Amino acid sequence: MTPPSEKATRISYLPVPDASGVPEGVSKLWGKAEANMGFVPNVFRAQAVNGEQFLAWWNYFNLLLNKEGFLSNAERELVAVVVSGANRCLYCAVSHGAALRHFSGDPHKADAVAVNWRHATLTERERVLCEYAENLTLRPAEVTEADLGPLRGVGLDDHQIMELVQVIGMFNMTNRVSSALGFQPNAEYYAQGR
């Protein structure tokens, strides 16, 4: 059994490598995060157990979430929080809740979405995105072509639908990795955007 003091400081169930035990690309990414954010996200540190796989994950994640996309940053973060809340992924709900607060400028919305998006004040488009994200997350075998109708009804084109599905898929995978290995959110996330 892990002592309570060790549990409080542990960020993963697995040992986390230090900078000397990771590939150069991981060290560079950690340095860039520290310079830009003031800290290294724990998900960066915990996934570096397998450095090359982490970098491959990061490249796709970065493309979907941090680059100019077909959906707005706020929409992508909204979907990330809905999926993470549905999967009860502490790390991603907290860290992407912080990003949603930042991009939406609305801490109340972000907190409500993390618990139950139906209680958040949302536009019709946001409501449809949330409903689709939750459905694909919790009932993927039941999703059919008909489920695209409401997305098209609120103005999503093919590129936006594809990106939406990719973001939902990315967070379902990332939530499972984070939850399975007990990733803990950085303390900094809790105060961001408030």
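Helices (H or I, at least four residues) and strands (E, at least two) in these legends are DSSP runs, numbered from the N terminus. The model is predicted: local features need pLDDT of at least 70 and side-chain atom pairs count only at pLDDT 80 or more, while totals for chains, interfaces and linings use all residues. Residues are numbered from 1 along each chain as its sequence is written, and side-chain values use heavy atoms, with hydrogens and water left out.

**View 1. The annotated stretch, residues 53-134.** Welcome to the starting point of the tour. An unreviewed UniProt entry gives these residues the annotation "domain: Carboxymuconolactone decarboxylase-like"; UniProt positions are given in the numbering used here, feature names are shortened, and annotations may be inferred rather than shown by experiment. Helix makes up 77% of the chain over residues 53-134, and strand 0%. From the C-alpha atom at one end of this stretch to that at the other, the separation is 27 Å.

**View 2. Helix H5 (residues 73-86) against helix H6 (residues 90-104).** The two axes (lines fitted to C-alpha atoms, for helices over the stretch in contact, with angles from 0 to 180 degrees between N-to-C directions) come within 8 Å and cross at roughly 155°. H5 and H6 are therefore roughly antiparallel to each other (angles under 35 degrees count as roughly parallel, over 145 as roughly antiparallel, 65 to 115 as roughly perpendicular and the rest as oblique). The crossing of H5 past H6 is left-handed (the near helix is turned anticlockwise from the far one by less than a right angle; clockwise would be right-handed). On the H5 side, the contact (heavy atoms within 4.5 Å) uses Asn73, Ala74, Glu77, Leu78, Ala80, Val81 and Ser84. H6 brings Cys92, Ala93, His96, Gly97, Ala99, Leu100, Phe103 and Ser104. By class, nine of the residues in this contact are nonpolar, five polar and one charged (Ala, Val, Leu, Ile, Met, Phe, Trp, Tyr, Cys and Pro count as nonpolar, Asp, Glu, Lys and Arg as charged, and the others, Gly among them, as polar).

**View 3. Ala74, a residue of H5.** Leaving out residues up to four places away in sequence, Ala74 touches Leu100, Phe103 and Ser104. His102 lies 28 residues from Ala74 in sequence, and their C-alpha atoms are 8.3 Å apart.

**View 4. Arg88, in the loop between H5 and H6.** Most residues other than glycine have a negative phi. Arg88 is not a glycine, yet its phi is positive, near 55°. With a relative accessible area of 75%, Arg88 is exposed.

**View 5. H5 beside helix H8 (residues 124-138).** The axes of this pair come within 9 Å and cross at roughly 40°. That angle makes H5 oblique to H8, and their crossing is right-handed. Glu75, Leu78, Val79, Val82, Val83 and Ala86 are the H5 residues that meet H8. Their partners in H8 are Arg125, Glu126, Leu129, Cys130, Ala133, Glu134, Thr137 and Leu138. Sorted by class, the contact of H5 with H8 holds nine nonpolar, one polar and four charged residues.

**View 6. Glu75, another stop in H5.** Is Glu75 buried or exposed? Its relative accessible area is 12%, and Glu75 is buried. Not counting residues up to four places away in sequence, Glu75 touches Arg125 and Leu129. The C-alpha atom of Glu75 is 8.4 Å from that of Leu100, 25 residues away along the chain.

**View 7. H5 with helix H7 (residues 107-116).** These two axes come within 7 Å, at a crossing angle of roughly 35°. Leu78, Val81, Val82 and Gly85 of H5 make the contact with Ala110, Val113 and Ala114 of H7. The contact of H5 with H7 has six nonpolar residues, one polar and no charged ones.

**View 8. Leu181, in the loop between helix H10 (158-180) and helix H11 (187-191).** At a relative accessible area of 26%, Leu181 is partly exposed. Which residues are in contact with Leu181, leaving aside neighbours within four places in sequence? They are Ser12, Tyr13 and Leu14. Met37 is 144 residues from Leu181 in sequence and 24 Å from it in space, C-alpha to C-alpha.

Terms used: Buried < 20%, exposed > 50% of the residue type's maximum accessible area, 1.4 Å probe, protein only.
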